[in-house]
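Subject: A structure for you, with notes

Hello,

Here is the structure I promised to pass on.

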Amino acid sequence: MSANKYSMDSEYLQDVFNKKIESHGGRLDIRNEPNEVQLLYSKFYDLFKSRIASVVDKDNPSQHIVSYIDFIDNRKLNAVAFLHKNTGMIGIYKGLHKKLFEIFKSAIQEKNSLNNSESPINLDIPKEYQKTLYITLWEIAIDFIVNHEIIHISNGHIGWLKNIKGLELYFENKVYSKDMALTLQSLEMDADLNSIGKSIKKAEFIYNDCQKHPEKFPKQVREIYSSFKKTAICQIFAIFIAFHIFEDFTVNVKNFSMRTHPPLQVRQLIFLKLFIGYLKSAKEEGMNIDFDIFNITTEVAKEAQRVYDLITGKGFLGWDIHKKIYQNHVDILDKHLNDLRDEIKPYTKNWRDKLY
Ligand SMILES: [Zn+2]
């Protein structure tokens, strides 16, 4: 395959993408978007390109696992992954992108989130740096979603769903059939677990880079990554807000809801366990972590929920009360995922672990 034909700028791939998702709004032509947001879209195309560059098949380095990521001209909150021949393609709905932007902007600017001097999770970011902060949070969230979609492709979910279940396009936010719920939620958990890992590694990379090569970063970004505590708070906050977008509060272990994703509380629990585990092992390996890991992590989770509820008018459900139920749900998904592994394995690809 020629590099040109399979670059994101290639008209060939733009056309393939557009045709596949035509009935869902088609490819977003950013030239039709207001001037002030065109710059932000360009920023994301750069982020997508860097992601694609890193998604290379370990066994076959000339092949990209995902060759194309783009926006879809649709105001709904959704994302989609699919295969064109052996090439992975990912679509992010314009509505998802926009909604996340509005939430982060409102959280930081209007709700004064992460900026309360009384709170243990106060980032203490000067007012003139606020815009950089909400754009950074927004980037972390979109990057997390893109990583999650990449994992769906590289871990064989999309190939398996296409070949065995006849599913051409896999949408994040959709009600599939009831008998698919357990399977899809297990795959979703797999995608979450792996993309959380990628996000944590990237955060650690940027944090270290900021300390070693401060000249590479604008002063506003340096401020956000000035301590590992701030770095961790931004990660948790941004990803928790992204979780809320596909939230499903129907927690019922016996009768799985028909939604694609595990209940919000289950995703939150998985995330916190993984993140806390990561911070603990980083501390053991000598990383300077001088904060109460459990307290800070759960405080950020609560703050993300509080602010989201405040902005969207939803009610707080107190996810921390029912941990046992959620853990039971996690165990069921985990077992099912293990049962599926052999069947999905032929469709997996090794993702070279490179961040840029
Ligand atoms: Zn997913």
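What follows is a short tour, from the whole chain to the sheet, the helices and a few single residues.

First, the ground rules. This is a predicted model, in which local features need pLDDT of at least 70 and side-chain atom pairs count only at pLDDT 80 or more, while totals for chains, interfaces and linings use all residues. Residues are numbered from 1 along each chain as its sequence is written.

**The chain as a whole**

The chain holds 11 helices and 4 strands. Both are DSSP runs numbered from the N terminus: helices are H or I with at least four residues, strands are E with at least two. Of the 356 residues, 40% count as buried. Here "buried" stands for 20 or more other C-beta atoms within 10 Å of a residue's own, "exposed" for 12 or fewer, and "partly exposed" for anything in between, with C-beta atoms placed from the backbone. If you look at contacts between residues at least 6 apart in sequence, 71% of them join residues at least 24 apart. A contact is a pair of residues whose C-beta atoms, placed from the backbone, lie within 7 Å.

The 4 strands form an open sheet with the order 1-3-2-4 and mixed pairing. Strand 1 and strand 4 (169–171) are the edge strands, each pairing on one side only. From one strand to the next, the twist averages 20°. Two strands are taken to pair if DSSP finds at least two bridges between them.

Going across the sheet, strand 1 pairs with strand 3 (residues 87–93) in the parallel sense over 6 bridges. Within that pair, F71 has I92 as its bridge partner, and D70 has G91. Strand 3 is also joined to strand 2 by 6 bridges, and these two run antiparallel; A81 stands opposite I90 of strand 3. On to the last pair: strand 2 and strand 4 are antiparallel over 3 bridges, with L169 of strand 4 as the bridge partner of F82.

How enclosed is strand 1 (residues 66–72)? Its residues are buried in 7 of 7 cases, so strand 1 is largely enclosed by the rest of the structure. Strand 3 is mostly covered, with 6 of its 7 residues buried. Helix 1 (residues 11–20) lies across strand 1, strand 2, strand 3 and strand 4, and runs at about 55° to strand 1. For this and other angles, axes are lines fitted to C-alpha atoms, for helices over the stretch in contact, and angles run from 0 to 180 degrees between N-to-C directions.

**Helix 9 and its surroundings**

Helix 9 (residues 264–284) has 21 residues and reaches 30 Å from its first C-alpha to its last, close to the 30 Å expected at 1.5 Å a residue. Its buried residues include L264, V266, L269, F271 and L279. Just after helix 9, G286 takes a positive phi of about 105°.

Helix 9 packs against helix 10 (residues 293–312) at an angle of about 145°, with the axes 10 Å apart. On the helix 9 side, Q268, L272, F275, I276, L279 and K280 meet I293, F294, T297, T298 and A301 of helix 10. The residues of this contact divide into 7 nonpolar, 3 polar and 1 charged. In that count Ala, Val, Leu, Ile, Met, Phe, Trp, Tyr, Cys and Pro are nonpolar, Asp, Glu, Lys and Arg are charged, and the others, Gly among them, are polar.

I196, found in helix 6 (residues 181–212), is worth a click too. I196 is buried, with 23 other C-beta atoms within 10 Å. Leaving aside neighbours within four places in sequence, I196 is in contact with F271 and L274. I196 and H148 are 48 residues apart in sequence and 8.2 Å apart in space, C-alpha to C-alpha.

**Two backbone angles to check**

K85 takes a positive phi near 55° in the hairpin of strand 2 and strand 3, which has 2 residues between the strands. K85 is exposed, with 6 other C-beta atoms within 10 Å. N112 is not a glycine either, yet has a positive phi of about 55°. N112 sits in the loop between helix 3 (94–110) and helix 4 (130–154), and counts as exposed with 11 C-beta neighbours inside 10 Å.

Note on methods: Contact = placed C-beta atoms within 7 Å. Expected span 1.5 Å × (residues − 1).
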